[in-house]
Amino acid sequence: MPGAEWAGNAATPGKGSLDGLLAAKEIVIACGPGGVGKTTTAAAAAAMAACHQGGRVLVLTVDPARRLADALGLSGIGNRERRIDDSVFRDAGVSPRGELWAAMLDTKESWDQLVRRHAPDAATRDHILANPLYRNISGRFVQSHDYIAMERLFEIHSEGAYDLIVVDTPPSRNALDFLDAPQRLADFFSSRLLRWLIAPYRSRLVNMASKPFYQVADRILGTQFLADIAEFFILFQSMYDGFVERAGAVARLLSDRRTTFLVVSTLEATPMREAEFFARELVARDLHLGAIVLNKVLPAYFRDPSAARVAQALRDRATDIAGALRDRAAAPAGDPSADPAQTARVLREIADSYLNFSVVARREEEERTEMSAQPEVLAAVPFFDEDIFDMAGLLRLGARI
Amino acid sequence: MPEPVPERDPSPGPAGPEPPHLLDLRLVFVTGKGGVGKTTVAAALSQLAAAHGKRVLVCEVDAKGDLASLFEAAPTSFVGREVAPGIVAMSMDTEASLREYLKLHLRIPVVGRIGPLARAFDFVATAAPGVREILTVGKLCYEVRERHYDLVVVDASATGHIIGQLTAPQAINDLVKVGLIRTQTDWMLDILSDPGTTGLVAVTTPEEMPVSETLELAGRVAEETTVRLSAVVVNRVLPELFGRREEEVFESLRDPAVSALLSELAGGEVGPVLEGARLAVTMRRTRAGHLDHLRAGLDPSVPVLLLPYLFTRTHGLRTTRQVAASLGEELGF
């Protein structure tokens, strides 16, 4: 496609490359604000690594666009890891050196697996799975995505089946939630407050009604709801040791030197603010900020000052130029010289369009300069004018990273 | 692909099949996938309503500070503050909401006296589903019920979370069989279920993921909530450069001989300018396809409002005003 020729320029010279990063690390976590193409970037990076570096590469994704999932044969695979068929690569005109695997995150299923693993006995397990609060937490509330994504990553990594795991992080209120989720959950179950809260339900000897707190809580929430909460916590506490141990292990994995983070963003104001915050925060936590990937960057020719002068000339002298074109053109197919007024309109439109986009492109350039001080690798990915919905598209994107 | 939308209001009452005008509602939730301009649209809708003489409360639920900057104002807090004539802005803080709730409904004046509850709140809210959601929706419904404002605009959670928020009263109703909360959720449900009072605006862009997420949201809103989808706002719609005949002219300009001549006449290389126009045309065409897909998948009674792509360098109040003006045009002002 013609668009592939744009000089969207790749990694900043001398600062390392994404390719190197993918070769050096075992876990690559793509994170950043919503709507910037995180999922597609993660998939493209994994596809490139499988193609060029070989080995077994897994992309753990949350919510790919349906068309992309269909094209890769991923629809409805749920939690199971599945190998992307070589025919998908062949159709894109490449023969990969390695294997590309993919898995999607099914929160409910993952939680159930977790309970099955950590529950001390079958009766506790069944009680938890049947508790109305548990069903709500695991199924309905998105925050639980954060925990489960990290949990799955840990699980898969500890099986030792892949050379590289690329993770696409779930959308969340705060891009950092997923980092804190394991520790938060562990803190929660180890808190004295929680034990205190459910104490009356453990011991029938305590008269609940005598404590003002329970009186208030009971007035607000009702006895049954309180009992459900208490049951849930008491049951979950039986899994406490498992959770705390896991949280510690996940935290170690995230700060391991084999793990790196890619912050994905576009150059628009709001995503940039979030991405900058994220990059700072990773550094503050001593996590490895491997690269910032800037997506959907307008092509460099929109920043060409001489082209801007040409656009200005086309705009200002559209009528004259259209007239001269009619007089001098060796009328090609379609005969543009037929109606100079129409040609002049077209010239004005294209000139305006160019000047409009160049305002945006120059603003982006400025943002990018401000950003470039930060990471080892800053990759800019050009704006693809067509959607990326198949392996060929992913590889095209991957080649630009 | 289009989800069958169940009959909502079979009686030919005042609600009718046509949704009421956006500015006649009392409570509008603005949602959308991250990055589509949800906050900007919420700010613009508030601006437009205020320009039509309404007293507006605009509330940012997932406070990231963007709302304040769209009015060039200091950061918002739970206590509302006027950020523009007729517009009071606040940000949601569920703990403050709980405090207010206890004060108003249980007559417990200072939450410090029930210290353990305040400290327990974060834990309970983390684990007990719906607690944060109900406190958020509860505060907003309360403002509607008390009629402090003509219109409450909510810069709501992203599409992934909004269903949880809108269904929280129902979820709590199912979980909690007795108690004060139970009686509280009943009036909230009344407010949320009245199509003349409450509406949802889904913001999207004409791109693949935002469109499919919007269609999925529309289906879930109809199936799982009592709230009506009042409008879909499509943000960043690119201008149509040419008609069909003009496009032929454009194609002929790209002929190497013609563009060489054009370069000579314009006094410089026209290649980048022509390439830029080609990019704009392709982008516009790809996006028009997504827009068609959106229209085809939505119930025809849901208005689709288009906002142009802004080729500007600004982000603040200037943007809010421009988007408000476009929104006003789309709404027929």
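1. Two strands are taken as paired if DSSP finds at least two bridges between them. On that basis, strand 1 (residues 27-32) of chain B and strand 6 of chain B run parallel and are joined by six bridges. Within this pairing, Val30(B) has Val201(B) of strand 6 as its bridge partner. The model under discussion is predicted.

2. Strand 6 of chain B also pairs with strand 7 (residues 228-237) of chain B; these two run parallel as well, with six bridges between them. Val201(B) stands opposite Ala231(B) of strand 7.

3. How much of strand 6 of chain B is buried? Strand 6 spans residues 198-204, and seven of its seven residues are buried. Thr198(B), Leu200(B), Ala202(B) and Thr204(B) point to one side of the strand, while Gly199(B), Val201(B) and Val203(B) point the other way; residues of both sets are buried.

4. Strand 3 (residues 81-84) and strand 4 (residues 87-91) of chain B run antiparallel and are joined by three bridges. Ala84(B) is placed opposite Ile87(B) of strand 4. Two residues lie between the strands of this hairpin, and Gly86(B) adopts a positive phi near 85°.

5. Helix 10 (residues 244-253) of chain B has Val249(B), Phe250(B), Ser252(B) and Leu253(B) buried. These residues lie on the same side of helix 10, because the arc they cover around the axis is only 165°. The elements covering them include helix 11 and helix 12 of chain B, and also helix 17 of chain A.

6. Chain A is divided into domain 1 (2-301 + 363-400) and domain 2 (302-362). Eight residues of domain 1 and nine residues of domain 2 take part in the contact between them. On the domain 1 side, the residues touching domain 2 comprise four nonpolar, no polar and four charged.

7. For chain A as a whole, there are 18 helices and eight strands. Of its 401 residues, 47% are buried. Among contacts in chain A with a separation of 6 or more, 78% are between residues 24 or more positions apart.

8. Is Asn131(A) buried or partly exposed? Asn131(A) has 18 C-beta neighbours inside 10 Å and therefore counts as partly exposed, since burial requires 20 or more. This residue is in the loop between helix 6 (122-130) and helix 7 (132-139) of chain A. Apart from neighbours within four places in sequence, Asn131(A) is in contact with Asp228(A), Glu231(A), Phe232(A) and Leu235(A). From Asn131(A) to Val250(A) the separation is 119 residues in sequence and 27 Å in space, C-alpha to C-alpha.

Conventions
Residues are numbered from 1 along each chain as its sequence is written. Chains are lettered from A and ligands numbered from 1 in the order in which they are written. This is a predicted model: local features need pLDDT of at least 70, side-chain atom pairs count only at pLDDT 80 or more; totals for chains, interfaces and linings use all residues. Domain bounds come from an automatic or database domain assignment. Two residues are in contact if their C-beta atoms, placed from the backbone, lie within 7 Å. Ala, Val, Leu, Ile, Met, Phe, Trp, Tyr, Cys and Pro count as nonpolar, Asp, Glu, Lys and Arg as charged, and the others, Gly among them, as polar. Helices (H or I, at least four residues) and strands (E, at least two) are DSSP runs, numbered from the N terminus. A residue is buried if 20 or more other C-beta atoms lie within 10 Å of its own, exposed if 12 or fewer, and partly exposed in between; C-beta atoms are placed from the backbone. The arc is that of the directions from the helix axis to the C-beta atoms.
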